[in-house]
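Dear colleague,

Please find the structure below, together with its sequence.

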Protein chains: 2
Amino acid sequence: MKKAIVLLSGGIDSATCAMIAKEMGFELYALTFDYGQRHRVELKASKALADALGVKRHTILHLDLRGIGGSALTSDIPVPKNSGASDKGGIPVTYVPARNTIFLSLALAYGEVIEAYDIFIGANQVDFSGYPDCREEYLLAFERMANLALKATVEGKGRIRIHAPLLHMSKDMIIRKAVSLGVDLGLTHSCYDPLPDGKACGRCDSCQIRKKGFLTAGIPDPTPYAH
Amino acid sequence: MKKAIVLLSGGIDSATCAMIAKEMGFELYALTFDYGQRHRVELKASKALADALGVKRHTILHLDLRGIGGSALTSDIPVPKNSGASDKGGIPVTYVPARNTIFLSLALAYGEVIEAYDIFIGANQVDFSGYPDCREEYLLAFERMANLALKATVEGKGRIRIHAPLLHMSKDMIIRKAVSLGVDLGLTHSCYDPLPDGKACGRCDSCQIRKKGFLTAGIPDPTPYAH
């Protein structure tokens, strides 16, 4: 079986993306980042999802991006509520500088060691198009760079492929896809600013996109929301 | 003054590269990585160099690449001695998977937060041409990707430039350049496998390249070697 690295955050997109990789016949090596994110509860979600997906190995890498800051997710900048950011365009303050570049770079390193050259990322440029590192043109440039960066690729042992199967799907399409593949969406976590009891706030951009997605898909949202 | 990020490892190349950035009129923000390297003594060297260079800020980011492994520098793979690797071609076992990609990605993130878009790296493709991520073609691909990855570049606030002023210089040229700019090479550290007392082993590839460089440059090497 061919190995794939799947970036698993604990949200709907990465869970669905990982399931698509599994459907394609890959053996899954899940990689999750403990980067000092405000919504650390997603680490727990990633573990539950990794188990449910039957991954070969689940690795959590520690990397403290709070030392860099610059985002509402890794510093004291407040997470906006009811902002409608996803409708307004522009890049929201929840943007984490260079996050996908950092995560994909670490995936390259891990992949080179275990000889996995297929990397799956749940990037999506439809609903949250504000993030520059979720766009196709960025991902293609990353892939090109990656194939020049590694011993394995330069020596011809493998060729890096960045797979982003959800890139052009809307959230409701992703939710329907997830359900059709048997992803347990009750295990996923989306909220950027969960309450101390772990409940989703219901008001941050990520909660609002999730709610709207389930509504449009006509599928009941299993999330316990505070609001 | 325009800000620049300088990747400062504690070796001759990064110290010289940082001094070149200073000579060009940049205000220096030095970034060093504590990545679980065997030669942790380079962290101490980086601090001394940052002071000597008069940097505006010196940041050491923690990132445990031992969790990934795959290199003689981050795992139990022995560091080769008297291998002549630099003459033989091929990629040595001291190669750390995706290291420059990871370091440059974190530099992008830090730079975006402090609004620094010029990044200096002491990459060199002459003496240690085995490392794929020290080649011009790789660095250009990284720069291209970076300009698609960030909020700052996409919004037109800045344009990432990866500066690698030592790329085509031999080690003896770099040493002569360093001396002419007043870099205190006695503060630099090159050895991959230092002895418990901090002395350079004198036999690893990095020590051998350093010794040969000083010899060719006709400049006395201030390093205390064990061998």
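How many bridges join strand β1 of chain A to strand β4 of chain A, and in which sense do the two strands run? Three bridges join them, and the strands run parallel. Please bear in mind throughout that this is a predicted model. Strand β1(A) covers residues 3-7, and β4(A) covers residues 118-120. One residue pair can be located directly: Ile5(A) has Ile119(A) as its bridge partner in β4(A).

These two strands belong to an open sheet of five strands in chain A, with the order β3-β2-β1-β4-β5 and parallel pairing. At the edges lie β3 (57-62) and β5 (161-163) of chain A, each of which pairs on one side only. From one strand to the next, the twist averages 25°.

On its other pairing, β1(A) is joined to β2(A) by five bridges, and these strands also run parallel. Here Leu7(A) has Leu31(A) as its bridge partner in β2(A). Between β2(A) and β3(A) there are six bridges, again in the parallel sense, and Ala30(A) stands opposite His58(A) in β3(A). Six of the eight residues of β2(A) are buried, so this strand is largely enclosed by the rest of the structure.

The helices show how the chain passes between strands. Helix α1 of chain A (residues 12-23) forms a right-handed β-α-β unit with β1(A) and β2(A). The chain then crosses from β2(A) to β3(A) through helix α2 of chain A (residues 41-53), and this β-α-β crossover is right-handed. Helix α4 of chain A (residues 99-114) lies across β1, β2, β3, β4 and β5 of chain A, and runs at about 155° to β1(A).

Which residues have the most contacts inside the largest nonpolar core? They are Val6(A), Ala18(A), Val6(B) and Ala18(B), in a core of 146 residues. Leaving aside residues up to four places away in sequence, Ala18(A) touches Val6(A), Leu8(A), Leu28(A), Ala30(A), Leu53(A) and Phe120(A).

The same surface serves both copies, as 100% of the contact residues of chain B recur in chain A.

With kind regards

Methods: Residues are numbered from 1 along each chain as its sequence is written. Chains are lettered from A and ligands numbered from 1 in the order in which they are written. This is a predicted model: local features need pLDDT of at least 70, side-chain atom pairs count only at pLDDT 80 or more; totals for chains, interfaces and linings use all residues. Two strands pair if DSSP finds at least two bridges between them. Helices (H or I, at least four residues) and strands (E, at least two) are DSSP runs, numbered from the N terminus. Axes are lines fitted to C-alpha atoms, for helices over the stretch in contact, and angles run from 0 to 180 degrees between N-to-C directions. Two residues are in contact if their C-beta atoms, placed from the backbone, lie within 7 Å. A nonpolar core is a set of buried Ala, Val, Leu, Ile, Met, Phe, Trp, Tyr and Cys residues joined through C-beta atoms within 7 Å. A residue is buried if 20 or more other C-beta atoms lie within 10 Å of its own, exposed if 12 or fewer, and partly exposed in between; C-beta atoms are placed from the backbone. A crossover is right-handed if, with the strands pointing away from the viewer, the path from the first strand over the helix to the second runs clockwise.
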